[in-house]
Amino acid sequence: QVQLVESGGGLVQSGGSLRLSCAASGRTFSSYNMGWFRQAPGKEREFVAAISWSGGSTDYADFVQGRFTVSRDNAKNTIFLQMNKLKPEDTAVYYCVARAGSSWAAGSWGKGTQVTVSS
């Protein structure tokens, strides 16, 4: 398994930007498809973005609407989520996950980083 630690969250005004990072331990990081999920208070955890093991393929939730970009640096065992044009409804705890086979739920999850967007 891989251990994941997210960072980069914080408080930002509506329309602002944040860049989240997720640092992974383990020499097999580059073999994992990785993702970002988020969970707002009182809501279920939801998919935000994903990136393939090579970085050649990405996927986004519809609500991202071109505002977020997921990327990775396998040499540094790190993935990123660049978030622009943030909205108050983006307020949530953001988690990165290393997918286990075809299952996100069964993968390795970080503890999350809080993102708060003020109006």
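Mentor: Two strands pair if DSSP finds at least two bridges between them. Strands (E, at least two residues) and helices (H or I, at least four) are DSSP runs, numbered from the N terminus. Please keep in mind that this is a predicted model, in which local features need pLDDT of at least 70, side-chain atom pairs count only at pLDDT 80 or more, and totals for chains, interfaces and linings use all residues. Residues are numbered from 1 along each chain as its sequence is written, and side-chain values use heavy atoms, with hydrogens and water left out.

Trainee: In which sense do β7 and β8 pair, and over how many bridges?

Mentor: The pairing of β7 with β8 is antiparallel and runs over six bridges. Within it, Val70 has Leu81 of β8 as its bridge partner. The hairpin of these strands has four residues between them, and Asn77 takes a positive phi near 50° there.

Trainee: Which residues of β7 are on its covered face?

Mentor: Phe68, Val70 and Arg72 form the covered face of β7, while Thr69, Ser71 and Asp73 form the uncovered one.

Trainee: Is Lys85 buried or exposed?

Mentor: Lys85 is exposed, at a relative accessible area of 60%, and Gln65 is exposed at 59%. Buried means under 20% relative accessible area, exposed over 50%, and partly exposed in between (1.4 Å probe, protein chains only).

Trainee: What does the side chain of Arg67 reach?

Mentor: The Arg67 side chain reaches the backbone oxygen of Lys85 at 3.0 Å. There is also a polar contact of 2.7 Å between the side chains of Arg67 and Asp90. A polar contact is a pair of N or O atoms within 3.5 Å; within protein, one must be able to donate a hydrogen and the other to accept it, and residues adjacent in sequence count only if both atoms are side-chain atoms. Arg67 lies in the loop between β6 and β7 and counts as buried at 7% relative accessibility.

Trainee: Which residues is Arg67 in contact with, leaving aside its neighbours within four places in sequence?

Mentor: With those neighbours set aside, Arg67 is in contact (heavy atoms within 4.5 Å) with Gln82, Met83, Asn84, Lys85, Leu86, Lys87 and Asp90.

Trainee: Changing topic, how many aromatic pairs does a search of the whole structure find?

Mentor: The search finds four aromatic pairs. In one of them, the ring centres of Phe37 and Phe47 are 5.6 Å apart and the planes are at 75°, so the pair is edge-to-face. Phe37 lies in strand β4 (residues 34-39) and Phe47 in strand β5 (residues 46-51), so this pair ties together parts that are 10 residues apart in sequence. Rings of Phe, Tyr and Trp (its six-membered ring) pair if their centres lie within 6.5 Å; planes under 30 degrees apart count as stacked, over 60 as edge-to-face and the rest as tilted. Phe37 is buried at 9% relative accessibility, whereas Phe47 is partly exposed at 22%.

Trainee: Which residues form the aromatic cluster?

Mentor: The cluster consists of Phe37, Phe47, Tyr95, Trp104 and Trp109.

Trainee: And which residues does the disulfide join?

Mentor: The disulfide (cysteine sulfur atoms within 2.5 Å) joins Cys22 to Cys96, with an S to S distance of 1.9 Å. The torsion about this S-S bond is about 45°, so the disulfide of Cys22 and Cys96 is right-handed. Cys22 lies in strand β3 (residues 18-25) and Cys96 in strand β9, so the pair ties together parts that are 74 residues apart in sequence. Both Cys22 and Cys96 are buried.
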